[in-house]
Amino acid sequence: MRVFAVAEINFGELDPVSVELLNLANTIKGDGSAEAVVIGSSISSHAEKLAKYADKVWKIEDASLENYNPELYVDVLLQLFQKEKPDVVLIANSSRGSEYAPLLATKLNAPIVTDIVGLDVSDGVKATRYIFQGKLLVDVLVKQADTYVFTVRQGVFKEEKQASGEVVDAGIKPSVTPKREFSQIIEPEAGEVDITQADIIVSVGRGIEDASNIELAEELAELLGGVVAGSRPVIDNGWLPKDRQVGISGKTVKPKLYLALGISGAFQHIMGMKDSELIIAINKDPEAPIFGVAQYGVVGDIFEVVPALIDKLREIKG
Ligand SMILES: Cc1cc2nc3c(=O)[nH]c(=O)nc-3n(C[C@H](O)[C@H](O)[C@H](O)COP(=O)(O)OP(=O)(O)OC[C@H]3O[C@@H](n4cnc5c(N)ncnc54)[C@H](O)[C@@H]3O)c2cc1C
């Protein structure tokens with residue numbers, strides 16, 4: 001299978017989801033190829049980086065592609081795919097991907113499944129995704145087609161597969177004048193945190209009781225070199241911003257350490273963190289379901305255990 005992963009570039013930086021798409025491409029390619037497509041201007045370093053995970057990297061470079069424009073993306077991708085005939089196209093399930101992937105699929109006359117968390121091509125094409133706001137996981141059997149398009153949930157395919165591909169200039173330039181023009185980038189406020197990329201997450205649940213207690217988690221996270229995230233009630237209460245929510249209606253995370261403080265472990269939360277390398281839970285209820293996924297558990301009050309942990313860490317660090 002020829003599997004093409006379209007890289008995502010945000011504010012001139014290569015988004016880590018680009019490598020995740022290639023990880024999936026490498027998993028399903030069989031004796032075919034995992035190929036990346038990088039679109040933009042001044043993208044050579046991004047292409048070189050992706051070549052470590054791809055059999056081939058296609059560069060589509062033009063000054064007019066400096067800023068994302070869905071019409072131009074679809075135009076240049078169509079030009080490439082009409083020549084190169086991909087079997088599968090993988091696009092990030094980001095706000096951009098969600099915009100241009102359906103446009104592209106329509107033009108390619110290809111079926112599309114969005115926000116997938118699994119893909120099996122061993123016997124037909126079967127994509128796994130959540131339905132009913134995450135209450136159920138379903139396998140979608142996709143009708144046979146020449147090309148399939150999928151948008152892929154961020155943070156799921158993190159296991160890296162190395163390769164050593166070549167970078168090729170696709171020699172493609174936009175052939176349309178877009179109806180929409182780029183006007184400006186409004187950058188997110190400084191200090192925003194991407195929890196999907198964090199190695200250490202200190203995650204708080206309703207057990208933290210109040211916004212003013214979040215600083216306890218922040219102190220612990222700082223000592224551990226991690227970031228603070230939370231369960232849905234914490235976000236619904238406005239104690240942490242929405243982009244810190246872990247779970248099916250939040251983010252999927254796979255850190256090296258997930259420290260759950262006062263989180264019961266509802267399945268909607270577990271689905272977003274169960275693949276973390278090490279899960280440690282602190283909860284005063286010994287029956288809390290979070291202990292079912294945690295490697296280590298402390299049955300205790302977070303307002304006693306966390307300050308003790310902070311003291312110990314300070315002592316170790318001197
Ligand atoms: C469609 C849908 C989507 C959802 N999506 C998400 C999602 O993405 N993410 C998510 O997290 N939830 C989600 N939920 C909500 C989910 O069902 C749970 O309600 C939620 O995860 C519970 O959060 P919690 O564990 O913080 O709170 P609770 O379930 O109230 O648990 C609080 C825990 O804290 C413990 N505790 C209390 N005080 C202390 C203390 N002092 N010391 C130690 N432990 C203490 C308690 O024993 C308890 O186990 C969703 C629900 C629906 C219906």
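Visitor: Which residues of β15 point one way, and which the other way?

Guide: In this predicted model, Leu257, Leu259 and Leu261 point to one side of β15, while Tyr258 and Ala260 point the other way. All of these residues are buried.

Visitor: What makes strand β15 largely enclosed by the rest of the structure?

Guide: A residue is called buried when its relative accessible area is under 20%. Five of the five residues of β15, which spans residues 257–261, are buried, and therefore the strand is largely enclosed by the rest of the structure.

Visitor: Which residue stands opposite Leu261 in β16?

Guide: That residue is Ile282. Strand β16 (residues 278–283) pairs with β15 over five bridges in the parallel sense. Ile282 also has a bridge partner in β17, namely Val298, and four bridges join β16 to β17, again parallel.

Visitor: In what order do the five strands form the open sheet?

Guide: The order is β14-β13-β15-β16-β17, with parallel pairing. β14 (227–230) and β17 (296–299) stand at the edges because each has a single partner strand, which leaves one side of each without a neighbour in the sheet. From one strand to the next, the twist averages 20°.

Visitor: Which helices lie across strands of this sheet?

Guide: Helix α5 (residues 214–224) lies across β13, β14 and β15, and runs at about 170° to β13. Helix α8 (residues 302–317) lies across β15, β16 and β17, and runs at about 130° to β16.

Visitor: Why is Phe11 called partly exposed?

Guide: The partly exposed class lies between the buried limit of 20% and the exposed limit of 50%. Phe11 has a relative accessibility of 45%, so it counts as partly exposed. Phe11 belongs to the loop between β2 (9–10) and β3 (13–14).

Visitor: Why is Lys85 called exposed?

Guide: Exposed means over 50% relative accessible area. Lys85 has 57%, and so it is exposed. Lys85 is found in the loop between α3 (70–84) and β6 (88–92).

Visitor: What is the phi of Phe11, and what is that of Lys85?

Guide: Most residues other than glycine have a negative phi. Phe11, although not a glycine, has a positive phi of about 50°. Lys85 is not a glycine either, and its phi is positive, at about 45°.

Note on methods: Residues numbered from 1 in each chain as written. Predicted model: local features only at pLDDT ≥ 70, side-chain atom pairs only at ≥ 80, totals over all residues. Heavy atoms only, no water. Buried < 20%, exposed > 50% of the residue type's maximum accessible area, 1.4 Å probe, protein only. Helix = DSSP H or I, 4+ residues; strand = E, 2+ residues; numbered from the N terminus. Pairing = 2+ DSSP bridges. Axes fitted to C-alpha atoms, helices over the stretch in contact; angles between N-to-C directions. Contact = heavy atoms within 4.5 Å.
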